[in-house]
Amino acid sequence: MKRLFIANRSEIACRIIQTASEMGIETATAYSQPDRGAEHALRADFSVALDGSAPSESYLDIAKVVEAARRCGADAVHPGYGFLAENADFARAVAAAGMTFVGPSPQAIETMGDKLAARREAEKCGVPLIPSAPLSGEAHTDLEAAEALGFPVLVKAAAGGGGRGMRRVDEAGELSGAVQAARREATSAFGDGRVYLEKYLIGPRHIEVQVFGDGRGGAIHLGERECSVQRRHQKIIEECPSPVVDETLRENLGRAATELARSIDYAGAGTVEFVLAAEGGFYFLEMNTRLQVEHAVTEAVSSTDLVRWQLEIARGASLPSQAPEFRGHAIECRVYAEDPANDFLPTAGRIHRVDHPLAVGVRVDSALRDDYEVPIEYDPMLAKLTAWGSDREQARRRIMAALESFAIAGIKTNIAFLLDILGSDTFRNAAFATDTIDRDYREWTDSEACGLAEAAAT
């Protein structure tokens, strides 16, 4: 592996460039029209333009991306996360072009990318599953299936994630409309309108396990991450380790995750996601066949570079005989260009000035700089902030101090919202569930901004 093409943008592309450069591997990227002059394009050794602005015209166009990699003379491609990272056709196209795909096989991507197929594979491995039922399209039959599960239920897309193609149904009269809406959204987002029913668990926690496979039936895990702080099924704060997982549960989660990875001859980094029921017990949710946004917290407590592991495994290296030991606690916050007081609407625009926090135990993954134009075409995540501490409380205090010193002038961000959550008794006591924000923060307002507005009016 002499030259690596990163089929992605922004902070994750910069993150991969950093590790590849440390390994003596040349790097290459591509950029869309809105990303002309973007940080990832400037940091790479080689960069080429992709025609088009919308994701479908640029970063999601398999033919364009593969051709860009070939033009750069790359012999390997890292997909990052998002865009084409979990696209089996892209992995095949990379291999067909004579390049190494840094990730699992197309077959593994397909199996885990289809939630119904993933559930079947998990069931074969003895991994506990949330009760579910197929949807036939016949209103009477579908209603019987929902009633057998017991309301509330979830309508879920078979081919996607991130909350898209998902609808909660609390009573019989809502089912038909929810199924139709979920099918439309799933078709639009994933090109696949298949949906199914799943029992809705009240107040669960979201726990995920980081796994690595060698593609030859070998797999290890690097512990769990706590991902219960979410808004609309999107994670915004993650921790490692989970404050509610004991050694016995950790062993059981790790065993289930590695058994699933081994069953599909998984290669590289992957994450097996579970829900932890309020009354106890865990259930398989899905497997993400890529590096996770929140991988930094695992790196912080294990003193490992997961991107380096990905690249070494892609080059044919063996897995370590055992996972590294964990030390301390890490918390990550996702900083978004959005207005939490206005239904989390994106706030694209020009950042006039940015001051990144610099402190002991703090890591910033960012592609921001002064006079940067945040494009409207892409996900509004601006940066990730990670703090390590000898214990959870030190990590919490460090991440709050870092957020307070993270100055982004020109657009609204969710920093004040993150600080309110981190400072709450609910977070301090590790009492969050996946529905806490949607339930308890509906009327959230930026108290500091309101105070300034009141002062200006008097």
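Start by selecting H78: this residue is buried, with a relative accessible area of 0% (buried means under 20% relative accessible area, exposed over 50%, partly exposed in between, with a 1.4 Å probe and protein chains only). The model is predicted, so local features need pLDDT of at least 70 and side-chain atom pairs count only at pLDDT 80 or more, while totals for chains, interfaces and linings use all residues. Residues are numbered from 1 along each chain as its sequence is written, and side-chain values use heavy atoms, with hydrogens and water left out.

**Around H78**

H78 sits in strand β4 (residues 76–78). Helices (H or I, at least four residues) and strands (E, at least two) are DSSP runs, numbered from the N terminus. Beyond four places in sequence, the contacts of H78 (heavy atoms within 4.5 Å) include L4, F5, I6, V102 and L311.

**The open sheet**

Now select β6, β9, β7 and β8. These 4 strands form an open antiparallel sheet in the order β6-β9-β7-β8; strands pair if DSSP finds at least two bridges between them. β6 (132–134) and β8 (167–169) are at the edges with a single partner strand each, so one side of each has no neighbour in the sheet. Zoom in on β7 (residues 153–157) and β9 (residues 195–199): 5 bridges join them. L154 has E198 as its bridge partner in β9.

Axes are lines fitted to C-alpha atoms, for helices over the stretch in contact, and angles run from 0 to 180 degrees between N-to-C directions. Helix α6 (residues 115–124) lies across β6, β7 and β9, at about 50 degrees to β9.

**Helix α8**

Select residues 175–190, which form α8. Its buried residues are L175, A178, V179, A181, A182 and A186. They pack against α7, β7, β8 and β9. G191 follows α8, with a positive phi near 70 degrees.

**Last stop: I421**

Show I421. Outside four places in sequence, I421 contacts V229, I236, I237, F427, F432, I437 and Y441.

Technical notes: The expected span of a helix is 1.5 Å times one less than its number of residues.
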